[in-house]
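Here's a quick briefing to read alongside the model. Have the viewer open and follow along.

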Amino acid sequence: MARAATKKLKKKTDWPVDVFRVLKDADVRQVAYVPDAGHTELINLCIADNAVRSVPLTAEQEGVAVLTGAWLGGEAGALLMQSSGVGNVINMLGMANECRIPLLILVTMRGDWGEFNPWQVPMGQATEKALVAAGVIVHRVDDTDRIAETVESAARLAFDAGRMVAVLIGQRVVGVKDWTK
Amino acid sequence: MPAKTKITLDRRKVVARILRDRGDALLVTGLGAPTWDAAAVGDHANNFYLWGGMGGAMMTGLGLALAQPGRRVLVITGDGEMLMGLGGLATVAVQKPANLGICIMDNQRYGETGMQDTHTEFGVDLPAMGRGAGIAETAMVYTSKELDGAIAQLYDARGPVFVNVKVVPKVQPMILPFRDGPSIKHRFRDAVLGET
């Protein structure tokens, strides 16, 4: 992405820019995602970067398999999703778990801080437990200033220590969905 | 629904015929019979066998094809496995991996669980779904002659290629490759990358 554009996007609380830089530093080449409002900016940064393959998915479990294939072919990847998508990936995580495929999963939370939609609450509240039950190491972050360093630590655990790691980015950070918009 | 056509092809012979021409192609097999079929042909360091992850074979092939654009990547899986990951057809069509060939061994049965009918038994047409998603290069195969043409597509046509081979629903002897996930992964990465 052009430097000018990056600079323009960079604000004090603009954590997606910092997270994108962490992904670049980790040599992430494939970013698979089901969109979430909280990931919008990060997804746009990935799409704009020719060295990163953006892979929009129809469902989150596809991404676990895509990143397994990517790793088999020598590329690191990241999987972006909303917390509701965590429910979709559980069985497929078994493949990555058994084969010790490094997985870096960035989850923006719903059904969390200040949620207005009751239908989001069950999966949101089950997200961390479900991931842990499936063998994923979970880092939760609710402080904007700590997101990038948390993703950096997760990337090291994933790619250097060969683990499945999810960073849960709290609704307190990504913002509560405005029902009136 | 298409008219019923007699199914005569033997899956083991079909997979052996396909893999005869593999050259340096990389192979991902879907869980169950396709993995046993590949093992029956002979173990190979360029094989990645899925023993689980149902619905994930084609997408594993996609990630691999994107990471290794200079290599042909072949996915051989079953109709039941494919049916569990149909959304992936849309994802593959959008990515347009020129080096990816997908081949479904369609016996119209869930072979590992007691040969129950899958949806293809009732006429669900997987290549038509692929075309609907935007995969231009597809084939439905019933005969040896059609298979020859489809194999050329799988290896040489601009991907993504999606081939569906109708095979008789006969239970075959189970030929099991090794199954330790890290070992399969390390061997495959060794073969592809020259290191792990």
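Two residues count as in contact when their C-beta atoms, placed from the backbone, lie within 7 Å. Helices (H or I, at least four residues) and strands (E, at least two) are DSSP runs, numbered from the N terminus. This is a predicted model: local features need pLDDT of at least 70, side-chain atom pairs count only at pLDDT 80 or more, and totals for chains, interfaces and linings use all residues. Residues are numbered from 1 along each chain as its sequence is written, and chains are lettered from A and ligands numbered from 1 in the order in which they are written.

**Helix α7(B)**
- Buried here (20 or more other C-beta atoms within 10 Å of a residue's own; exposed means 12 or fewer) are B:L147, B:A150, B:I151 and B:L154.
- Those buried residues sit within an arc of 110 degrees down the axis (taken from the directions from the helix axis to the C-beta atoms), so they line one face of α7(B).
- B:K145, B:D148 and B:D156 are exposed on the other side.
- Cover for the buried residues of α7(B) includes α1 (11-20), β3 (73-78), β4 (100-106), β7 (137-141) and β8 (161-166) of chain B.

**The sheet**
- Chain B has an open sheet of six strands, ordered β2-β1-β3-β4-β8-β7, with parallel pairing (at least two DSSP bridges between two strands).
- At the edges are β2 (47-49) and β7 of chain B, each pairing on one side only.
- Three bridges link β1 (residues 26-29) of chain B to β2(B), and B:L27 has B:N47 as its bridge partner in β2(B).

**Chain contact**
- Chain B puts 30 residues into the contact and chain A 26 residues.
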